Amino acid sequence: MAPAFGYWLLVYAAIAIIALIVLIARYRLNPFIVITLVSIGLALLAGMPPSGVVGAYEAGVGKTLGHIALVVALGTMLGKMMAESGGAERMAQTLIERFGERNAHWAMVCIAFLVGLPLFFEVGFVLLVPIAFTIARRVGVSILMVGLPMVAGLSVVHALVPPHPAAMLAVQAFQASVGQTLLYAILIGIPTAIIAGPLYAKFIVPRIQLPAENPLERQFLDREPRANLPGFGVTLGTILLPVILMLIGGWANLISTPGSGFNQFLLFIGNSVIALLLATILSFWTLGLAQGFNRESILKFTNECLAPTASITLLVGAGGGLNRILVDAGVTQQIVGLAQEFQLSPLVMGWLFAALMRVATGSATVAMTTASGIVAPVAIGLGYPHPELLVLATGAGSVIFSHVNDGGFWLIKEYFNMTVTQTFKTWTVLETLISLVAFALTLGLARVL
């Protein structure tokens with residue numbers, strides 16, 4: 001742990017976060033440069049050895065990009081194939097026919113809730129964003145009107161619902177029943193997604209004016225209309241392949257003997273990168289060659305779609321670097337020590353620890369796993385009778401107040417072409433709504449049980 005101890009660490013961290021927000025939002029400085037400078041400044045202020053500061057920041061960037069860069073690249077290629085083949089248009093047509101044009105935002109929250117089950121948030125986002133752009137164009141609404149319900153559905157599943165990886169880790173830590181957790185998560189998750197998604201979107205979207213031009217929207221939508229669109233089943237099958245593979249990977253130890261060759265194979269194909277890679281390769285056939293495109297066209301599509309993702313990838317990496325500095329400087333340990341001084345019920349403790357970790361590190365998964373690791377021994381020692389509710393309370397805390405140290409913040413900002421201030425008004429408020437509504441419903445369910 002760093003030489004600087006006590007409340008000063010928390011003060012330094014708070015100053016760093018405020019400086020980030022002011023420099024980026026008020027003075028419009030380059031976010032990547034600002035995050036890097038503030039991270040280094042915080043590390044030095046907190047007493048980290050100067051020789052190790054850059055190494056820690058690089059390690060955080062590298063660890064984050066090692067996963068996210070591959071996911072964003074493969075997901076964007078898959079999205080591009082959906083867009084160029086007309087697959088996204090076919091899905092949009094079908095969803096609009098089923099739900100009606102006026103209910104397109106309800107269609108997006110439903111499909112996000114389903115597709116997001118076994119996926120990390122970023123994977124689900126890059127898979128579904130081409131469909132959101134297509135529906136927004138067809139219905140003639142702001143991308144936020146369908147995009148915010150989509151990210152609400154994905155975020156609720158990420159925080160609450162097994163077999164999502166973060167929720168499963170909490171289930172194991174609290175020794176909860178997967179089945180009961182899933183039932184309670186759906187009971188709480190559906191109203192939470194409705195309030196934070198379609199209902200909040202209807203309130204906030206008229207108050208947000210986006211630029212007329214969105215480079216990422218253009219890459220998905222500006223193409224010649226195709227006479228013959230791929231079938232709904234083919235398109236849905238292609239986009240659900242990584243979902244199914246990751247679901248299989250998540251349950252590998254239940255459907256095969258742990259450590260066996262078959263078990264290793266299931267875990268391998270269930271890895272998010274491998275699952276997306278296989279789906280992207282499949283899309284070259286189902287949405288490429290089978291739709292009349294040649295290999296040169298597919299190569300052109302996959303090359304040209306990567307350029308707009310460069311800035312997103314850099315920003316997500318920088319958020320990971322800041323995350324690592326906060327951990328190595330001892331800020332997260334200080335938060336834990338401070339919170340443990342107060343005598344709290346396990347439910348409140350789970351939510352509060354996860355919320356503090358979320359604000360400090362920017363990672364919902366880190367917040368959920370860290371908080372459940374801290375609270376689980378206390379809850380088990382006290383004999384708390386509803387470990388499933390502890391999973392939900394911890395999950396609710398893990399998504400509160402997404403800000404500039406969260407890779408998801410920059411992903412939403414860049415894809416939807418918003419300013420930092422607009423991203424706070426939409427995405428940050430949406431995430432906080434999810435946290436507060438889900439926690440309130442969990443407390444209500446605890447009273448009933």
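Glutamine 175 counts as exposed at 59% relative accessibility, where exposed means over 50% relative accessible area, buried under 20% and partly exposed in between (1.4 Å probe, protein chains only). The model is a predicted one, in which local features need pLDDT of at least 70 and side-chain atom pairs count only at pLDDT 80 or more, whereas totals for chains, interfaces and linings use all residues. Residues are numbered from 1 along each chain as its sequence is written, and side-chain values use heavy atoms, with hydrogens and water left out.

Glutamine 175 is located in the loop between helix 8 (165-174) and helix 9 (178-204); helices (H or I, at least four residues) are DSSP runs numbered from the N terminus. Although not a glycine, glutamine 175 has a positive phi of about 55 degrees. Most residues other than glycine have a negative phi. A positive phi, of about 45 degrees, is also found at phenylalanine 401, again not a glycine. Phenylalanine 401 belongs to the loop between helix 20 (387-397) and helix 21 and is partly exposed, with a relative accessible area of 34%.

The loop between helix 9 and helix 10 (215-221) contains proline 206, which counts as exposed at 65% relative accessibility. The C-alpha atoms of proline 206 and glycine 288 are separated by 38 Å, the two residues being 82 residues apart along the chain. The charged end of arginine 207 sits over the ring of phenylalanine 203, 4.1 Å from the ring centre; this description requires CZ of Arg, or NZ of Lys, to be within 6 Å of the ring centre and within 35 degrees of the ring normal.

Alanine 354, by contrast, is buried, with a relative accessible area of 0%, and is placed in helix 18. Apart from neighbours within four places in sequence, alanine 354 is in contact (heavy atoms within 4.5 Å) with Ala367, Ala371, Thr394, Gly397 and Ser398. A distance of 25 Å separates the C-alpha atoms of alanine 354 and tryptophan 251, which are 103 residues apart along the chain.

The structure contains 11 aromatic pairs, that is, rings of Phe, Tyr and Trp (its six-membered ring) whose centres lie within 6.5 Å, with planes under 30 degrees apart counted as stacked, over 60 as edge-to-face and the rest as tilted.

The largest pocket has a volume of about 760 Å³. On a 1 Å grid over the protein atoms alone, a pocket is an open set of points where a 1.4 Å probe fits, with protein on both sides within 12 Å along at least five of seven lines, and lining residues have an atom within 4 Å of a point. Grid points are joined across faces, edges and corners, and the volume is the space filled by probe spheres set on the points. The lining comprises 30 residues, of which Thr64, Asn323, Ser363, Thr365 and Val366 lie nearest the pocket centre. Helices that each supply at least two lining residues include helix 3 (50-85), helix 7 (143-160) and helix 19 (364-382). The largest share, six residues, comes from helix 16.
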